[in-house]
Amino acid sequence: MAGHTITQEAVGPAAQTSVTQGHAARELGLKRGEFELAVMLGRIRTVGDTVGGRRRVTREEIERVRAGKGFPEAWLERIRAVGTTEGAALMDISTARFTRLTRTGFITPVKFYLNRYRAVVWLYLAEELSQFARSETNAGLLTGRASGTLRAQLDAGVDLRARNWRGRHAGALLRQCDDPWERAAAVASLLDPVQIAELIRDPYERAYVRRLMPGSFSQGAPESPAGLIIQRITTADDPDEIRWLRANLTISLSRARGERPAPRPAPQPDDPAPEPREEPAPDHAAPPAALPHEETKERAPEPRGLLKWMRRRGS
């Protein structure tokens, strides 16, 4: 129609039957943090339209969530995240005991953020805390003195919260991967650049993996104080954890290479050979001079810039 411009949000096959995540959150009446946590937990399923593209939500999935029992109140309760004070109250224990259980790996954080003082605030799934408190297996952890092993770990400064969160985060990332190169990128996102460079020697593969890595957390620029804190939390630092990630990345790379090679620059066309010039024929008879051989010059392509088992209990 004249005067109107028709635009499309995406060009892949899923574009006709899906919407952006932001659109889906609005249709479901969810805040951004609630929606992201629901996706991370697998409560809302997303689909990939193109490799490395933003994941979307199908209309069918929106209707499935809406039709869920108790939506939205009971559904929202299942994705409610709480801090230390509220979590301890839910379990009917002191905040000190709650912190001991989280530091030694009995309770795994579901997300984190930095407060205005750049202190790390860990959040836990209320549903999981209630289940933990109801289990008879955990009764001894909720009352009485801590075991000698537990006290020794705490005295040694053990804190498994970041590692356990990374394990959970890795599982969430891998669940959303439809492509072997995306899986490799998800695993690589938890390793530092030195580890990645050691395992991915080819610069084009390394650039492709970096391009497919999940988006980084947005609190502060990478080199800012907040950015450095987040980098420490999101980068593996435990030797066992690093070994697992390196082995997983090696396997993922092998499978990805078998599927298809990483994209590379197209080879440059050969320079055209110069046309031979026609010399005027001499007046006297003479044998014609041999035409020069055509030479081609090769131009080198220009390089372009570039889970559970991890959640180990401390007892």
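Glu27, Arg59, Glu63 and Arg66 are joined in a network of salt bridges, a salt bridge being a side-chain nitrogen of Lys or Arg within 4 Å of a carboxyl oxygen of Asp or Glu. The model is predicted, so local features need pLDDT of at least 70 and side-chain atom pairs pLDDT 80 or more, while totals for chains, interfaces and linings use all residues. Residues are numbered from 1 along each chain as its sequence is written, and side-chain values use heavy atoms, without hydrogens and water.

The side chains of Arg59 and Glu27 form a salt bridge at 2.5 Å, N to O. Arg59 belongs to helix α3 (residues 59–66) and Glu27 to helix α1 (residues 21–28), so the pair ties together parts 32 residues apart in sequence; helices are DSSP runs of H or I with at least four residues, and strands are runs of E with at least two, numbered from the N terminus.

A second salt bridge joins the side chains of Arg45 and Glu61 at 3.1 Å, N to O. Arg45 lies in the loop between α2 (32–40) and β2 (47–48), and Glu61 in helix α3, 16 residues apart. Are these residues buried or exposed? With 48% relative accessibility, Arg45 is partly exposed, whereas Glu61, at 4%, is buried. Buried means under 20% relative accessible area, exposed over 50%, and partly exposed in between, with a 1.4 Å probe and protein chains only.

In the whole structure, the search finds 22 salt bridges.
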